[in-house]
Amino acid sequence: MRLLLKNGVIVTAEETFNGDLLIEEGLISRVGGKIQSEADRVIDLKGKYVMPGGVDVHTHFNLDVGTAVAADDFYTGSVAAAAGGTTTIVDHMGFGPRGCSLHHQLDKYMEDAGRDAVIDYGFHGVIQHINDGILDEMRSMVEDGVSSFKGYMTYDYKLQDHEMKAVMERLGSLGAITTVHAETHEEIHELRARYVAEGKTQPIYHAKSRPVKTEVEAIERMIEISRKAGDAPLYVVHLSSGDGLDTIRRARKAGRNIYAETCPQYLFLDESRYMEEDGNGLKYVMSPPLRERGNNERLWKGIADGTIQTVATDHCPFDLKLKKEMGEKDFTRCPNGAPGVEARIALMYSEGVEKGRIGINRFVDVVSTAPAKLFGLYPGKGSISVGADADLMVIDSEREVTISHKNLHENVDYTPYEGMKVKGYPVMTISRGEVIVEEGVFTGQRGRGRFLKRKPVFKQIKGG
Ligand code: URP
Ligand code: ZN
Ligand code: ZN
């Protein structure tokens with residue numbers, strides 16, 4: 001199968017140029033210039049942007065939090081991702097039964113995604129407890145293609161600092177990366193209990209019980225743990241605050257091995273959303289919470305200056321009806337998380353590139369290339385180069401769209417971005433040379449996605 005893309009504007013994380021692209025057997029075989037070649041299909045892109053497909057390294061398809069299961073499974077979630085220009089996801093595996101092995105969850109997720117995913121996928125390991133068996137099992141998980149693991153500092157499955165250190169040492173010795181949900185448990189636990197006891201149970205108290213300082217302190221602790229673990233690589237997921245960003249910026253200037261991800265919700269929304277009436281404030285119950293306005297622009301600066309490397313979604317959708325509404329009388333009962341996998345690219349292009357906050361090459365870097373590099377997928381993913389997978393998105397920079405959950409493919413009854421007007425929208429998505437979305441219509445097959453065995457990309461740290 002040969003596909004020829006004519007007259008596009010090719011944009012990578014490094015450069016922008018006019019030219020054609022030839023795809024053979026799912027791989028990019030020629031880039032740039034005028035290509036004259038026999039092809040099964042020729043598509044004239046007439047000045048539209050051709051970019052590496054989006055790489056979203058933070059999703060929670062099928063996540064079971066005990067009281068609710070995320071509304072998107074690997075089929076609906078990956079169709080939505082593809083419709084929004086994303087061609088690769090790295091999903092956080094959910095929690096297994098107490099005490100289960102790391103492979104227990106991997107086996108389950110391989111089955112679910114193998115059956116349903118329509119784009120290529122990898123998994124982050126999730127650590128719910130540690131002991132010698134779990135630490136030893138990390139080697140075979142890495143060999144099986146899971147080269148990153150998330151540890152939580154809060155929730156029931158939080159790790160103590162000495163456990164985080166053991167995890168970082170072990171993963172560091174394997175060249176794998178530790179990712180962290182950075183919020184300090186003790187203060188949050190106390191504040192939540194106090195607000196509930198005082199009858200302060202509205203959604204705004206979700207935010208007030210998780211103040212910025214809990215994120216900052218957690219990041220500071222993790223930076224110190226990483227240092228003690230021989231400078232093992234550390235990736236802070238869903239960074240939400242300007243002060244957290246400043247902490248990371250200082251650490252990077254001091255030479256620490258630390259990377260950061262933020263998400264559209266922390267760039268576009270603020271804590272006033274929790275005051276929306278008729279239970280709508282529950283839509284935004286996620287952790288960390290939305291912050292005061294002002295944090296948004298500080299995070300944008302962090303993207304522009306390179307302190308933040310990636311923008312992922314933390315897509316974790318629960319219907320407002322019956323699911324998020326469990327928090328109607330008490331925010332602590334609301335399942336945490338919000339959707340976003342489909343709107344990420346359009347929001348970042350429109351608010352980032354179109355509004356001049358970042359350049360177009362930086363945009364490609366944060367939504368595709370940098371996440372592919374950090375998580376062991378590059379150059380197969382996240383690049384436009386000969387031999388790379390032909391995973392591409394086409395953006396029409398003139399297309400104006402008003403975002404509404406009614407037009408999205410996500411299987412959830414709201415979007416936090418309802419009514420936002422964007423200029424520039426993905427109009428075609430190509431996965432391994434197959435056009436799987438055209439003008440918002442998905443044309444691929446369920447289960448066509450492939451598991452990506454991700455390589456560990458960091459220098460191995462001795463003594464772990
Ligand atoms: O509230 C959120 N973010 N839920 C998803 C799980 C997580 O912590 O990433
Ligand atoms: Zn988290
Ligand atoms: Zn998450």
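Which elements do the buried residues of helix 1 pack against?

**Before selecting anything**

The model is predicted, and local features need pLDDT of at least 70, side-chain atom pairs count only at pLDDT 80 or more, while totals for chains, interfaces and linings use all residues. Residues are numbered from 1 along each chain as its sequence is written, and chains are lettered from A and ligands numbered from 1 in the order in which they are written.

**The whole chain**

Taken along the principal axes, the C-alpha atoms fill a box of roughly 70 × 55 × 40 Å.

Of the contacts with a separation of 6 or more, 78% are between residues 24 or more positions apart, a contact being a pair whose C-beta atoms, placed from the backbone, lie within 7 Å.

**Helix 1**

Select residues 74-83, where 9 of the 10 residues of helix 1 are buried, among them Phe74, Tyr75 and Val79. The buried residues of this helix pack against strand 6 (54-59), strand 7 (86-92), helix 2 (102-116), strand 15 (421-431), strand 16 (434-438) and strand 17 (441-442). Just after the helix, Gly85 takes a positive phi of about 95°.

**The nonpolar core**

Next, select Leu171, Met222, Val236 and Phe363, the residues with the most contacts inside the largest nonpolar core, which has 142 residues. Such a core is a set of buried Ala, Val, Leu, Ile, Met, Phe, Trp, Tyr and Cys residues joined through C-beta atoms within 7 Å. Helix 12 (residues 360-374) gives the largest share of this core, 8 residues. Around Leu171, leaving aside neighbours within four places in sequence, the contacts are Met138, Phe149, Ala176, Ile177, Thr178 and Ala232.

Move to Lys150 in strand 9, where an unreviewed UniProt entry places the feature "modified residue: N6-carboxylysine"; UniProt positions are given in the numbering used here, feature names are shortened, and annotations may be inferred rather than shown by experiment. Lys150 is partly exposed, with 19 other C-beta atoms within 10 Å, and among the residues that Lys150 touches, not counting those up to four places away in sequence, are His92, His124, Ile127 and His181.

From there, step to Ile127, in the loop between strand 8 (120-126) and helix 3 (132-143). Ile127 is buried, with 21 other C-beta atoms within 10 Å, and its contacts beyond four places in sequence are Phe149, Lys150, Gly151, Leu159 and Val167.

**Ligand 1**

Which residues are around ligand 1? Select His60, His181, His238, Met286, Ser287, Asp314, Cys316, Asn336 and Gly337, a residue being near a molecule if its C-beta atom, placed from the backbone, lies within 6 Å of it.

**Backbone stops**

Most residues other than glycine have a negative phi, and most peptide bonds are trans. His238, in strand 11 (residues 234-239), has a positive phi of about 30° although it is not a glycine, and His238 is buried, with 22 other C-beta atoms within 10 Å. Tyr155, in the loop between strand 9 (148-152) and helix 4 (161-173), likewise has a positive phi, of about 75°, but Tyr155 is partly exposed, with 15 other C-beta atoms within 10 Å.

Finish with two cis peptide bonds: one joins Ser287 and Pro288, with omega about -5°, and Pro288 sits in the loop between helix 9 (264-268) and helix 10 (295-304). The other runs from Tyr378 to Pro379, with omega near 5°, and Pro379 is in the loop between helix 12 and strand 14 (392-402).

Technical notes. Buried ≥ 20, exposed ≤ 12 C-beta atoms within 10 Å, placed from the backbone. Helix = DSSP H or I, 4+ residues; strand = E, 2+ residues; numbered from the N terminus. Contact = placed C-beta atoms within 7 Å.
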